[in-house]
Amino acid sequence: MALSRRTFSALAGSAALGFALGGSGGPGAPSAYAARSVPTGPAPAPPSADGERHTIGYDHYSLLVDGRRLVVWSGEMHPFRLPSPSLWRDVLQKMRAHGYNAVSIYVSWNYHSPAPGQYDFSGVRDLDLFLRTAAETGLYVILRPGPYINAEIDGGGFPGWLTATKGTARTADPTYLSHVDEWLTQVNRIARRHLFTQGKGTILLYQIENEYDAHVGEPTGRDYMSHLYKKVRGDGIDVPLFHNDKGRNGHWVPDSFDTDGEKGGWLYGFDGYPSPSQTPPDWGTFGPGGATGGSTASPRTPGFMPEFGGGWFDPWGGSWFDGKGYAESRRTRDAAYERRFYLTNLANGITLHNVYMTFGGTSWGWLPAPVVYTSYDYGAAIDEGRNVTEKIAPMHQLGHLLQRVPDFARLDRAAEVKAEGVKVYHLANPDTGTQVYVARNDGTEPVTTDLPTDAGNLRITVPAHDARMLTTGLPLGKRTLKYSTAQPMLCLTAGRQDIAVFAGRRDDMADLVLKCPEEPFVTRLDPEAAWAFEGDELHVNAPLGQGGLTRVLVAKGESEIPLLLLFADDATAVRIFPYDTPSGTLLVYGPSLLRHAELRGSEVHLTGDVIGETSLEVWGPRGIASLVWNGRKVPTRVTLSGSLMTTGMLPSVPEVVLPRLGRWRMRTETPEAGPNFDDSSWKKADKTSSYSVTPVPDGQPVLFADDYGFHYGDVWYRGTFTDSSGIDEVSLAYTTGTQGLLMAWLDGEPLGTHRMPVPDKNTTVRQGSWDATAAFPVGEKLRSPGRHVLSVLVRRMQHDQDGKGLDTHKVARGLTAALFKGAAPEVTWRIQGEAAPDPVRGPQNNGGLYGEREGWHLPGFRDRDWKAVTFPRAERRQGVTWYRTTFRLSVPADIDASIGLTLEDDPYRAYRAQIFLNGWNMGQYINNVGPQHTFVLPNGILRTRGTNTLALAVLSEFTSQSGPGNVQLTLLGRAAGGTPVAPVPSPGR
Ligand code: GAL
């Protein structure tokens, strides 16, 4: 159903709310955006496909969903970087448990479209399933289908076939737009079924384009954006749309392009990737000029960062940019980085905040753009092996706070506060009077200082390069906090009890004062805490991190409802999970993850993960009497704090023993090098023109692989000629991404290998790509008359991204020219790349190696006649050698083991390997480049209870001996629990 403009306005319910989509535009518009006080109170239930209509409006503070303020605390993950749909649920549940209320996803055009007019949304590409899973998990979705996404993905998301089409991408060019429309029609057909506005799912916001700064202020740019806007609206998408500005430049703010007269349906968003050494920028409320809105560039819309760096991508090793591995990203952008930058963002009025990446995943197969290798771990809070890292702590604490304590959704800048050694942001909620102080230490030493607050001077310590948030006057259920030096993490009502959690660094002392007009009855449930009642104030001191939670129960007083105060350090706080069920709110403490909770009568049913031995404690509605953990009833007792607690411990996850790999079989290939290889079925490379931005050299045929329909992985050329007299050198010009290479043979004899040089820091790289010419002396070899064959294999890596809107995805890949010194023979060129795309694994699974074309990577391939070999290997050969083995795993169904494949060898050896697991291309290992040695094998593709087939396609140079050396399975993580994993189809042959 396409919505007409009129229905769109009406649907948005703008009249009733006085803001929101399609709100009263025109001259009256400003008042429609006036900030208003909206109902506060407990957090609304997590979103679901509830069948109800919803409105999504906003003012300059925050989104207003059904009229209530919502702070969007979102994390980015890419379904295409986790090719096992069952595991989407695992990651989403981890995000939800750790405080996120939204997930932001790119949808990559090239992943779904193997050819013009062909679209695939099935299997690992099942967008509908992803959106359903997100809704079932209770997360909003921010959908970002491009058409251009960047994302360190091949062509920035543009399909390979688009490189061979007419028209300039990312402009209003009609040919380009016709392809774009086809894509958006496909995506929107699915998206429409999951709109939150219509109660069909949880899509809350929708992004068009990404970091589009190529044609700002030009008609083609405006027309392009306008076209996308109208197309998406025309397809029935009625949630607010937005764009992600590359930095806060004010590009594509409301009214900067034609939206068909629709007002209020467009948000301004911008991104930021500050380096850890940078002082966190003030992009909003505290920015220069004293902003009123969340982002100065658009004062009427809320502060929105569709991407804020939560880590950073890592380049290939062995060059000036020298990838160091993702442990380094995680170290430099650690939990303190997050606190320091994200708290600055919040202080600046950013109430829509998406952390790119929260789970990075794997750029498997030929997905990665040339700038990155296979792992896209990103140093994110959840690592590539799906393990929750220490970086989750600030996300967890802030996320739960923002969802459960509505005061943070509407903060104004308040009186300036200064404290020695730290930068202070002071804000206040005009409705509740809550004061918020963010104290940031940009120095290299810890600072202990007196922070002057409206509740007096508070002595605090802020570690080096860190920040902390304090509040005064915060309502805690029926009571009010005077101040606390520990950060509030959440406040909720469970049964007949209010519970407030405060968190901080290990060994911090929480100093908290509660306003109590009447003397309360205080019970110290853990010995570490101390309290005193003075005047009308209750003072509580609790050290953090002394072996878990510290509990203090405050009863009687002005209210009969007790208030339970819980104090936790970071490691403890991440094991505290609030969970709303239709029968009431639960607070669960103990396990490493709570996936799901539900009440069945007096029984609390919980599912989740345990890593280390733990007790389990649950606060919940009155009448709860027993606990069932992962389907098993566990004995409990009732505690003085009103919780149900296990009498024993949930055991830690058992060991997981992995088999050693052995029984390898080997076979060499590269028959294409031979003079008598039959290439008659190969395409003739005889085109004379191309849509590539790489010029076709004068007098040469087009040799660019994309022009012949070969878009991914290796490509072969065979040039046949007879008139060879006088030739003494062949020079082959070629273009690849980083780490590409070329190998050549003449009449079956190796001429050599040329590796694409990595430019040094000061080299200007033409159009962001890499090109080189390999020259081989051939005089000696061409003495014999008759037919000669030059065979060339190009590992061309991937297409460039098109970040600057210069069509750089159309830079040629493969050979670009072949020149002969001494003569000019007539050469007939034939070209062969990847075979027809694998219908299940998709177009980016394979390139054009002989073994791939013949299915040697597939599990069903019969390798019995291959030669039995043992690792390590040491062979000298130019060409491709395959190794295959099988291995059996028997991981119990209730254990989630995350497993990788590790390859190691003498780094001098010049070879690389593509890793195929059950036919799926899990990535490229380059022994002499690195830095990646371990490749994640996602469960689902990996049969954790069954037999697996591993195939390595090793491409080796003649310059050194080549391996594989040591190849083994590595355990990356384990937990008792997990989520059921359906096998990913892995057809053989
Ligand atoms: C952003 C871009 C993303 C990604 C990121 C770096 O600028 O929007 O797509 O490329 O940088 O990881």
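1. The chain is split into domain 1 (68–388), domain 2 (412–646), domain 3 (670–832) and domain 4 (849–976). These bounds come from an automatic or database domain assignment.

2. This is a predicted model: local features need pLDDT of at least 70, side-chain atom pairs count only at pLDDT 80 or more, and totals for chains, interfaces and linings use all residues. Numbering runs from 1 along each chain as its sequence is written, and side-chain values use heavy atoms, with hydrogens and water left out.

3. Take domain 2 and domain 4. Their C-alpha centres are 48 Å apart. Six residues of domain 2 contact four residues of domain 4 (contact: heavy atoms within 4.5 Å).

4. Domain 2 and domain 4 bury about 300 Å² between them, with 38% from carbon and sulfur atoms. Buried area is the accessible area (1.4 Å probe) that two parts lose on being put together, summed over both. Asp 609, Val 610 and Ile 611 supply 74% of what domain 2 buries against domain 4, more than any other three residues.

5. Which polar links cross the interface of domain 2 and domain 4? Zero salt bridges are found (a side-chain nitrogen of Lys or Arg within 4 Å of a carboxyl oxygen of Asp or Glu). One residue pair is in polar contact, both at pLDDT 80 or more. A polar contact is a pair of N or O atoms within 3.5 Å; within protein, one must be able to donate a hydrogen and the other to accept it, and residues adjacent in sequence count only if both atoms are side-chain atoms.

6. Ligand oxygen atoms lie 2.8 Å from a polar side-chain atom of Asn 150, 2.9 Å from a side-chain N or O atom of Asn 210 and 3.1 Å from a polar backbone atom of Ile 149.
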